[in-house]
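Subject: Structure handover

Hello,

Here is the structure for you to look through. Please open it first, then read the notes below it.

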Amino acid sequence: MAEGNIRPLRCGEEVQQAARLESAGYPADEAASLETLQTRYTAESRLFLGYLKNEKLLGFVCATSTNADHLTEESMHTHIPHGETVCIHSVCVDQNVQRQGIATRLLQEFVLQVKRSFPEAKRICLICHEYLIPLYTQAGFVLVGLSEVVHGKEAWYDCVMEL
């Protein structure tokens, strides 16, 4: 695949494109709504990066921050400016271009963005399903264990990257 461009999303239309990717990439009981994605974008747009090729959004990562030391149910619905923990809520890639390194590139750039723009951040946390643990550990996250978060039918696992 030709190289795409990774950058913060710039407008509401790109958030709508992200919502379409989210709906296609997650089961209905796990996918964030357009409203939730818009709220996260409005709260801190620098934590919403997209992978674009020819201005088409093919993947994105979005997050909020919290003062908790891990991702919690509450942190999925709130943003605490200057929080010590950045919580990734979605890493989503268009199904037609998955397994081409886009998620890894997004995560790498996201970590750099957090280090550059959020000096108060001490860690980046996320939850994932078991089959995605290798993706995140290869990107530098450490598996902590089973998450307390209940979101959908499948179990979630906590992963963390200390900064």
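A residue is called buried when its relative accessible area is under 20%, exposed when it is over 50%, and partly exposed in between (1.4 Å probe, protein chains only). The model is predicted: local features need pLDDT of at least 70, side-chain atom pairs count only at pLDDT 80 or more, and totals for chains, interfaces and linings use all residues. Residues are numbered from 1 along each chain as its sequence is written, and side-chain values use heavy atoms, with hydrogens and water left out.

Aromatic rings

Rings of Phe, Tyr and Trp (its six-membered ring) pair if their centres lie within 6.5 Å; planes under 30 degrees apart count as stacked, over 60 as edge-to-face and the rest as tilted. The whole structure holds 3 aromatic pairs. In one of them, the ring centres of Phe48 and Phe60 are 5.7 Å apart and the planes meet at 25 degrees, so this pair is stacked. It links distant parts of the chain, with Phe48 in strand β2 and Phe60 in strand β3, 12 residues apart. Phe48 and Phe60 are both buried. The rings of Tyr136 and Phe141 have centres 6.2 Å apart and planes at 90 degrees, so they form an edge-to-face pair. Tyr136 is buried at a relative accessible area of 5%, and Phe141 is buried at 3%. Ring pairs also join Tyr41, Phe48 and Phe60 into a cluster.

Helices (H or I, at least four residues) and strands (E, at least two) are DSSP runs, numbered from the N terminus. Two strands pair if DSSP finds at least two bridges between them. Strand β2 is mostly covered, with 5 of its 6 residues buried. On one side, β2 pairs with strand β1 (residues 5-8) in the antiparallel sense over 4 bridges, and Pro8 stands opposite Leu49 in β2. β2 also pairs with β3 (residues 56-66), again antiparallel, over 6 bridges.

Lys53 belongs to β2, which covers residues 48-53. Is Lys53 buried, partly exposed or exposed? Its relative accessibility is 27%, so Lys53 counts as partly exposed. The bridge partner of Lys53 in β3 is Lys56. Lys53 and Gly4 are 49 residues apart in sequence, but their C-alpha atoms are 4.6 Å apart in space.

β2 and β3 form a hairpin with 2 residues between them. Most residues other than glycine have a negative phi. Asn54 is not a glycine, yet its phi is positive, about 55 degrees. Asn54 sits in the loop between β2 and β3 and is exposed, at 73% relative accessibility. Glu55 is found in that loop too, and its phi is also positive, near 65 degrees.

Strand β5

All 6 of the 6 residues of strand β5 (residues 123-128) are buried, so the strand is largely enclosed by the rest of the structure. In a regular strand the side chains alternate between the two faces of the sheet. In β5, Arg123, Cys125 and Ile127 point one way and Ile124, Leu126 and Cys128 point the other way.

β5 runs parallel to strand β4 (residues 85-93), to which 4 bridges join it. Val86 has Ile124 in β5 as its bridge partner. Between these two strands the chain passes through helix α3 (residues 102-117), and this β-α-β crossover is right-handed (with the strands pointing away from the viewer, the path from the first strand over the helix to the second runs clockwise). β5 is also joined to strand β7 (residues 157-162) by 6 bridges, and these two run antiparallel. Arg123 stands opposite Glu162 in β7.

The largest pocket

On a 1 Å grid over the protein atoms alone, a pocket is an open set of points where a 1.4 Å probe fits, with protein on both sides within 12 Å along at least five of seven lines; lining residues have an atom within 4 Å of a point. Grid points are joined across faces, edges and corners, and a volume is the space filled by probe spheres set on the points. The largest pocket has a volume of about 980 Å³. Of its 41 lining residues, the closest to its centre are Val91, Tyr131, Leu132, Leu135 and Tyr136. Which strand gives the most to this lining? It is β4, with 6 residues.

Regards
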